[in-house]
Amino acid sequence: LKADEFNIIVEECLDSSNDYLMKLVTSADTELPKTAVLAITQTGGKGRQGRVWVSAPGNIHLSVYWPFKGALDSLYG
């Protein structure tokens, strides 16, 4: 993996690193490269299955976009 093939975005405070990343993905004119979004703090983090993600101070809040080719079931081991 080359450095220019992966974006790392660091923000002081976000509502949700996932929401921020999804906006980037859906608004991009071309395919977004592999991208990680890190937030020092989050005010509205999202957990699995609609649960709230509690973002305690001192933790890393991270969402990653990693596009892949093929069907979803090809990712299962």
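Reader: Let's start with His61: which strand is the place of His61 in?

Author: His61 has its place in strand S3. Strands here are DSSP runs of E with at least two residues, helices are runs of H or I with at least four, and both are numbered from the N terminus. Keep in mind that this is a predicted model, where local features need pLDDT of at least 70, side-chain atom pairs count only at pLDDT 80 or more, and totals for chains, interfaces and linings use all residues. Residues are numbered from 1 along each chain as its sequence is written, and side-chain values use heavy atoms, with hydrogens and water left out.

Reader: Is His61 buried or exposed?

Author: Buried means under 20% relative accessible area, exposed means over 50%, and partly exposed is in between (1.4 Å probe, protein chains only). His61 has a relative accessible area of 3%, so it is buried. Buried residues make up 18% of the 77 residues in the protein chain.

Reader: And what does His61 touch?

Author: A contact means heavy atoms within 4.5 Å. Not counting residues up to four places away in sequence, His61 touches a list including Ser17, Val37, Thr41 and Trp53.

Reader: How do I read the sheet, and in what order do the strands come?

Author: Strands of a sheet pair through backbone hydrogen bonds, either parallel or antiparallel. For two strands to count as paired, DSSP has to find at least two bridges between them. Here three strands form an open sheet in the order S1-S2-S3, with mixed pairing. S1 and S3 are at the edges with a single partner strand each, so one side of each has no neighbour in the sheet. On average, neighbouring strands of this sheet are turned by 15 degrees against each other, direction ignored.

Reader: In what sense do S1 and S2 pair?

Author: S1 pairs with strand S2 (residues 34-42) in the parallel sense, over eight bridges. Take Cys13: its bridge partner in S2 is Thr41. Ile8 has Ala36 as its bridge partner in S2.

Reader: Where does Leu21 lie, and is Leu21 buried or exposed?

Author: Leu21 lies in helix H1. Its relative accessibility is 4%, so Leu21 counts as buried. Leaving aside neighbours within four places in sequence, Leu21 is in contact with Leu32, Thr35, Val37, Ser63, Val64 and Tyr65.

Reader: Now the aromatics: how many aromatic pairs does a search of the whole structure find?

Author: A pair of aromatic rings is described by the distance of the centres and the angle of the planes. Rings of Phe, Tyr and Trp (its six-membered ring) pair if their centres lie within 6.5 Å; planes under 30 degrees apart are stacked, over 60 edge-to-face, and the rest tilted. The search of the whole structure finds one aromatic pair. The rings of Phe6 and Trp66 have centres 5.8 Å apart and planes at 50 degrees, so this pair is tilted. It links distant parts of the chain, with Phe6 in strand S1 (residues 6-14) and Trp66 in the segment after strand S3 (61-65), 60 residues apart.

Reader: What sits over the ring of Trp66?

Author: The charged end of Lys34 does, 5.2 Å from the ring centre. The test is NZ of Lys or CZ of Arg within 6 Å of the ring centre and within 35 degrees of the ring normal. Trp66 has 46% relative accessibility, so it counts as partly exposed.

Definitions and conventions: Axes are lines fitted to C-alpha atoms, for helices over the stretch in contact, and angles run from 0 to 180 degrees between N-to-C directions.
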